[in-house]
Protein chains: 2
Amino acid sequence: MSLVVQKYGGSSVADAASVKRVAHRIVEYRKAGHDVVVVVSAMGDSTDDLIDLAQEVSPVPPARELDMLLTAGERISMAVLAMAIANLGYEAQSFTGSQAGVITDESFGKARIIDVTPGRIRSALDDGNVAIVAGFQGVSQTTKNITTLGRGGSDTTAVALAAALGADVCEIYSDVDGVFTADPRIVPSARKIDSISYEEMLEMAASGAKILMLRCVEYARRYRVPVHVRSSFSQLQGTWVTDSPIPAEFRTTSQETEESMEQAIISGVAHDRSEAKLTIVGVPDVPGKAAEIFKTVADQEIDIDMIVQNISTRDPGRTDISFTLPMDDGAKAIEALEAIKETVGFDHLQYDDQIGKLSVIGAGMRSHPGVTARLFEALSKAHINIDMISTSEIRISVVTHVDLLDDAVRAAHAAYGLDSEETQAVVYGGTGR
Amino acid sequence: MSLVVQKYGGSSVADAASVKRVAHRIVEYRKAGHDVVVVVSAMGDSTDDLIDLAQEVSPVPPARELDMLLTAGERISMAVLAMAIANLGYEAQSFTGSQAGVITDESFGKARIIDVTPGRIRSALDDGNVAIVAGFQGVSQTTKNITTLGRGGSDTTAVALAAALGADVCEIYSDVDGVFTADPRIVPSARKIDSISYEEMLEMAASGAKILMLRCVEYARRYRVPVHVRSSFSQLQGTWVTDSPIPAEFRTTSQETEESMEQAIISGVAHDRSEAKLTIVGVPDVPGKAAEIFKTVADQEIDIDMIVQNISTRDPGRTDISFTLPMDDGAKAIEALEAIKETVGFDHLQYDDQIGKLSVIGAGMRSHPGVTARLFEALSKAHINIDMISTSEIRISVVTHVDLLDDAVRAAHAAYGLDSEETQAVVYGGTGR
């Protein structure tokens, strides 16, 4: 008998009819003899409705109370799902994050999981129940206040519970069929990836693929939880995120065949439109200046991504430093850097939010030289100018003008032979939280 | 400095505007130097919406899950109210029933409070916060499951917290100005009662007055909590439920004057349309038969109210036994009694749901003979036939045909001189939960 943790996003439990459909899927797993723990998001747009309600009474609601408010959403969906399962003749009990033992720090709105003590979940399973757990929420270790985990938090809840319970697989259900070689809205010939390593999925997530949040993948890798990303609207196999073979009882015939084939060099092409580029022009070329700049940015808790430093062509004693950062943090970064303009002695700032980032990811890169050259050749043929470049062992990222990004994604996808013969009808969307 | 516990019903926090209005009222108490604990119901009709949602997925939802679902309602209202108070510059923290230490038994949907351990509430107050507590909910002592207290539960939460914290007053806010001498929808000349004893209020509640639930008044009497029933839509004094003088700092000038006046013999007239009458015809007049009948009814957990036993005029060896019971329990009682028809040896059952109960309540009754006679005289003059009679030390109740009930209430109200010169514009409604 296997233990399966399943996570259903808001679109999978948007209304009573969807909840019943999900209940049927869960009961099929029980009939097949599996123990099942279900992590559930709030129904449809109900979280947005709660945020709107909060805004009506306070422009800046206290973080503790906002978390208390938002956790009502999963409380509703989990209880309703438990009722729907009971209505099919199977036992089900719902548990809040706190009851499920999801212990976090005290950072309201973006709490981190410190520990998972799922004693009540294990008892519920032992008693023959399906255990339904509220995603996205926990309880702080020190003050026992209710916390939320922030964007993608329900996925992290599911993976963390799967790790703590030693589950055989963690299934992440959404309205998307799996992880694709590129966003099918941009590349209609993109293919669903059958299996991808944690490392590659981490790079995909960090490069803008929204199907799984970075923290969730980090958690899965650390505890070696096999994750199966799939759609709740079909019975199709999705994408397995794992470094091991797919567990036999969850494997389909086609997957056994494909596993014997040679691994692709490149797994996928990701893109990101959410970043901006900030250039500090005319920084005196003396030691310590870059450190001063990046410490200032880090103090604002801004995550910077790519960094480029060039000798200034106009003034040989000075350099220009560029970096990319989340567009939402642009104003904060500019304000902080303007404040140290005199002490650092730079000339001025340039801010560009019309950029796009393209990333090519593949573990096969390590052993195949020429991968980078092929990208540049393809972009050059498509008349796409490259603004910044950065690489890791298994990733090449380039920054282009945002208007050229879609062309760049298509060119790269074709250059590495990722195009399938048939086009995808599926829409590649976010997973909510 | 005083400690005030305030309870706001669903109509007082129906939408964002109402929540803000309530927040202002709470802040006024803080400005006056009081510590404030607020117990809040779910916003407007949101509990009904949740029940509808449950019905959509399951005709008979499991009780544990229904309680889990319904408690989401107060979670929303309490967090939003805390935000609205914070927006006015005062500190506020919200707490679930569980966090507030409301410990109950395991009877989902109608749990009873076993203990209140409000350590976190006291800490929040000591730190200068307004403490907002979810009404209507608690946590079971044995299994740590979430429970709800059933109808009127938020009032009971408020009184129980007031008792545990040693509050100076427990204010119950609704959309009604207080307790009236009769339902103003039936008797437009009914007057607001300024002060009423626990005992009288208990009899009023037991006799159908919906302003406070019986359990809440019982709790208040046991722990001697002064309760002030009033409207959140005005600044008017409402009705004090207490056996002691009204605390000086909450007393108005008019009340000091009125207290010196002579107490009325009759405090009010209550009515109840929710009962039915069941008659067991032809019960053999031998010892033990009545016991058998009432044990059967009690085993169904049906609360019976008035009981009348008469020698059958048709058959001297047999008696007819009639009792009143909640209309909702009628079918259950009939089924249970039909099952013992042979063993008891009665003839047949008669069921009448076209009855109304009128009750006249007043502590002054004890020392004033002739009170009962005056009621019968008044009803006789109004041509109202009396079907059953029962009395307590401070109450007389009669059952009439339901169509005559309103006339009976008006006749009784006039007979005891309760009519005021001006008619009330207010609508006398339920308090929700």
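Q: A:Glu203, buried or exposed?
A: A:Glu203 is buried, with a relative accessible area of 17%. Buried means under 20% of that area, exposed over 50% and partly exposed in between (1.4 Å probe, protein chains only). This model is predicted: local features need pLDDT of at least 70, side-chain atom pairs count only at pLDDT 80 or more, and totals for chains, interfaces and linings use all residues. Residues are numbered from 1 along each chain, chains are lettered from A, and side-chain values use heavy atoms, leaving out hydrogens and water.

Q: What does A:Glu203 form a salt bridge with?
A: The partner of A:Glu203 is A:Arg395, and their closest N and O atoms are 2.7 Å apart. A salt bridge is a side-chain nitrogen of Lys or Arg within 4 Å of a carboxyl oxygen of Asp or Glu.

Q: Where do A:Arg395 and A:Glu203 lie?
A: A:Arg395 is in strand β20 (residues 395–401) of chain A and A:Glu203 is in helix α6 (residues 198–206) of chain A, so the pair ties together parts that are 192 residues apart in sequence. Helices (H or I, at least four residues) and strands (E, at least two) are DSSP runs.

Q: And A:Arg395, buried or exposed?
A: A:Arg395 counts as buried, at 14% relative accessibility.

Q: What does A:Lys277 pair with?
A: A:Lys277 meets A:Asp387 in a salt bridge (2.7 Å, N to O).

Q: How accessible are A:Asp387 and A:Lys277?
A: A:Asp387 is partly exposed at 40% relative accessibility, while A:Lys277 is buried at 12%.

Q: Over to chain B. What does B:Glu275 meet?
A: B:Glu275 meets B:Lys357 in a salt bridge, at 3.9 Å from N to O. B:Glu275 is in strand β14 (residues 275–284) of chain B and B:Lys357 is in strand β18 of chain B, so the pair ties together parts 82 residues apart in sequence. Both B:Glu275 and B:Lys357 are buried.

Q: Which residues are buried in α13 of chain B?
A: In that helix (residues 405–415), B:Leu405, B:Ala408, B:Val409, B:Ala411, B:Ala412 and B:His413 are buried.

Q: What follows α13(B)?
A: B:Gly417 follows α13(B), and its phi is positive, near 65°.
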